[in-house]
Amino acid sequence: MDANRVFARMVPLLLLLNAAPATVEAQSAVDFSPEWNVLYGRAEFEQADRMLDAYLRKLTAAVEAEHEGAIATVKNTADLERFQTAARERLRAAVGALPGRSPLNSHVTGTLDRGDYFVEKLLFESRPRFYVTANVYVPRRVKAPFPAVLANVGHWGAGKAYPDYQRLAMYLARRGFLVLVYDLPGMGERVESWDPVFRRPIIHPGTSEYFVTTEHGLAAGRTILTSGNLVSYLLWDALRGLDYLESRNDVDGKRIAVTGISGGGWLTELLTAYDPRVRVAIPVCYGGCIADNLFRASMTVADVDALIAPRPLLMMEATGDSRSSVAEKRRRHELVARLYEVAGAAERTQFRIFDGPHGFTDAMFPVAYSWLTRWLPGIAADSVEEPRTALETEADLAATLTGQVRTSIGGETLSSLNRARFRGLRAGAAAPAGREQWQRWQARLRRTISGKIALPSSAEPLQANTLVRADKGAYTLEKLVYYSEPGIYVPALLLLPRSVKPAPGIIFVNDNGKSAGGVVERYLRPLVEAGRAVLAIDVRGAGETGQELVKDYADLGTGEEAGRFYSALRVGRNVLGMRAYDVLRAVDYLEARKEVQRGAVAAVGSGSGGLLVLYAAALDDRIRSAAVTGALLSYASIVEGEIFSHPLSDFVQDALQEFDLPDLAALVAPRPLLLLNPVDEAQRLAGEKLATGVYRRSAGVYAMLGAGGNFTVRYADSPAGILESWKDVTSAK
């Protein structure tokens, strides 16, 4: 449904509101809360900083219950076949398109002779010039062809050289299994942000083994915008690992198993569900980095596990993982184990818990070996005494000359592959020519964006409570909350000028909160003194309903705000969309206040708040003018650049398949729109030449509509300059 029609339908509902606030504390009552704080000290809002998290948990529980309910309805083999057929289609749609198979161009760059096994240092190309570094542990005690194990590495910087993987591979190779351990992008020899001078990842100080999560978080941000997820790239490397094993003369292609720890455990689940060539799966302490998961409401982890049945599945956990996580995995396994019973194969799955840290512990090795020999026949029972063997160094296991692909042979990266994909998507984009074509384009794109950010198609009558009203001399201050939707309240400050007649309204959205950085004194008070009614809001998860979102660079991809972003995607929602909806509900609120002039609501936003204002103005004509300050110039800059520093909650899944931020600006036309101090992917001022170039098509739409003067890119280097710019655009007719 067109966004304008959606919000037009809201207006009769809004008229149900009284012109006066629903509840108001006595004007003479003393307000003991901090001057610009609305919720502090009120029992009903004591969990305000966890409101959004609780809301997302509720949505997540509902989605998971729905999917698990569908699994529970499987009663016989016919049901199982129908369920898996449908789930397999959903899985392939969730992963997305994969490339065609190209030559692996595999070659061994060196060999380590270790007596009863030897180690090959391997390079192969999962895509043209996208190099995968690996080690192959080849048995000597038994004759080929060998059963093989593909080992997906979890989020450890050492990659294939991580001790758990070395010990596992040596253990299995001594007993007759060929083992392929490979580096995923961002680890081992495939660090994509490698600094050759300091010999560490640029994006991490190098003090933690887990810098891989930062690399994957940033890669996920880019791929989210183009293809919807990062996991399709990781899965493809794993699939090509299977291809490589099948290509070897010393491997029995009918006896291939997969294992992995942590994120490698999750990839083990996914690969086994996706590819029937995997005969046995052993995920260990599975789950891993959030950025590597699937983010579609159509597919849950339980669905993935259900696709493995009835192939042998051993799921192993450790007491070093959180009790709640292990308990949840046990519960999920019990659900999936029912499918094995339906298939008459109950003995083919087990769930085991071992004492020890997060990882593949020594106690797990004989259990894994026993499971493999049970379901991949041809290997004798274990009679090998495991010697104490020194681990190899990363340098000894390196397949490249320098120990890093980027400095040895170069080639493609996740960034360059995603960049090429993006350029293909945008190749056919064309500007609307003429007013009639623009109107059709506008209607279509508004529907598309409304769907992408998951705006509700209808709304409940807005509920609002004014908690405090105070006389501030030159203006009246109201502290209030309004409820965007059930379970979501938005704290706000309403500054009303001393005026008899209704005043023009301004909605103010600041990314760090409605009063952060002294904005009330610097900007809001001058605006109300200039005759504007100003409503400053904290969108859900920000300001009073948020926490410190980004503590360091790693938090951009793996912190609490990133977690909210991913949680929303899992349930078919989007954090930016939910927050933009809060802004649209603020329009509803001001339109219903008798002190505010109808049809005269403007919006001003700063930082991420500016992005929310741009989305809201693009979708709702009731915002008669907008000022977007210090906001991201374009999503394309995220993909084209190497490093970005914008929170993932500013992003929209698959956005670049349909639109970019300049398209939003064109949707605002012909209403006044100011882009003030736009920034690039790294939060640097973009520069007027760059900004006007990126927004050339937007400016062209304004000119075509005869409103060229209503679109402005401007720079201001002082609070006074920013304030005057805001006044200019919000007073435009």
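A pocket here is an open set of grid points with protein on both sides within 12 Å along at least five of seven lines. The structure is a predicted model.

**Exercise 1. The largest pocket**

Task: State how much space lies in the largest pocket, and describe which residues line it.

Solution. 
- Step 1. Take the volume. The largest pocket holds about 1200 Å³ of space.
- Step 2. Count the lining. There are 38 residues in it. Nearest the centre lie Glu64, Ile290, Asn293, Val301 and Arg570.
- Step 3. Assign elements. At least two lining residues come from each of α2 (51-72), α7 (263-274), α8 (301-306), α9 (323-342) and α17 (560-570). The top contributor is α2, with eight residues.
- Step 4. Sort by class. The lining of the largest pocket has 14 charged, 13 nonpolar and eleven polar residues.

**Exercise 2. The cavities**

Task: Find how many cavities reach 30 Å³ or more. Then describe the lining of the largest cavity and of the second largest cavity.

Solution. 
- Step 1. Count. There are five cavities of 30 Å³ or more.
- Step 2. Take the largest cavity. Its volume is about 80 Å³. The lining consists of Phe130, Tyr131, Arg190, Val191, Glu192, Val405, Arg406, Gly410, Glu412 and Thr413.
- Step 3. The largest cavity has four charged, four nonpolar and two polar lining residues.
- Step 4. Take the second largest cavity. About 60 Å³ of space lies in it. Leu611, Leu614, Val628, Ala631, Leu632, Leu633, Leu675, Leu676, Pro678 and Tyr695 form the lining. Here α19 (608-619) and β19 (673-676) are the elements that supply two or more residues.
- Step 5. Sort again. The second largest cavity has ten nonpolar lining residues, with no polar and no charged ones.

**Exercise 3. Aspartate 275**

Solution. 
- Step 1. List its contacts. Leaving out residues up to four places away in sequence, aspartate 275 touches Leu239, Leu242 and Arg311.

**Exercise 4. The open sheet**

Task: Give the strand order of the open sheet of nine strands.

Solution. 
- Step 1. Write the order. The sheet runs β1-β2-β3-β5-β4-β8-β9-β10-β11, and its pairing is mixed.
- Step 2. Find the edges. β1 (107-113) and β11 (349-354) each have a single partner strand, so one side of each lacks a neighbour in the sheet.
- Step 3. From one strand to the next, the twist averages 20°.
- Step 4. Look at one pair. β9 and β10 (residues 313-318) run parallel and are joined by two bridges. Alanine 281 stands opposite leucine 313 in β10.

Notes: Residues are numbered from 1 along each chain as its sequence is written. This is a predicted model: local features need pLDDT of at least 70, side-chain atom pairs count only at pLDDT 80 or more; totals for chains, interfaces and linings use all residues. Side-chain values use heavy atoms; hydrogens and water are left out. On a 1 Å grid over the protein atoms alone, a cavity is a set of points where a 1.4 Å probe fits but cannot get out, and a pocket is an open set with protein on both sides within 12 Å along at least five of seven lines; lining residues have an atom within 4 Å of a point. Grid points are joined across faces, edges and corners, and a volume is the space filled by probe spheres set on the points. Helices (H or I, at least four residues) and strands (E, at least two) are DSSP runs, numbered from the N terminus. Ala, Val, Leu, Ile, Met, Phe, Trp, Tyr, Cys and Pro count as nonpolar, Asp, Glu, Lys and Arg as charged, and the others, Gly among them, as polar. Contact means heavy atoms within 4.5 Å. Two strands pair if DSSP finds at least two bridges between them. Axes are lines fitted to C-alpha atoms, for helices over the stretch in contact, and angles run from 0 to 180 degrees between N-to-C directions.
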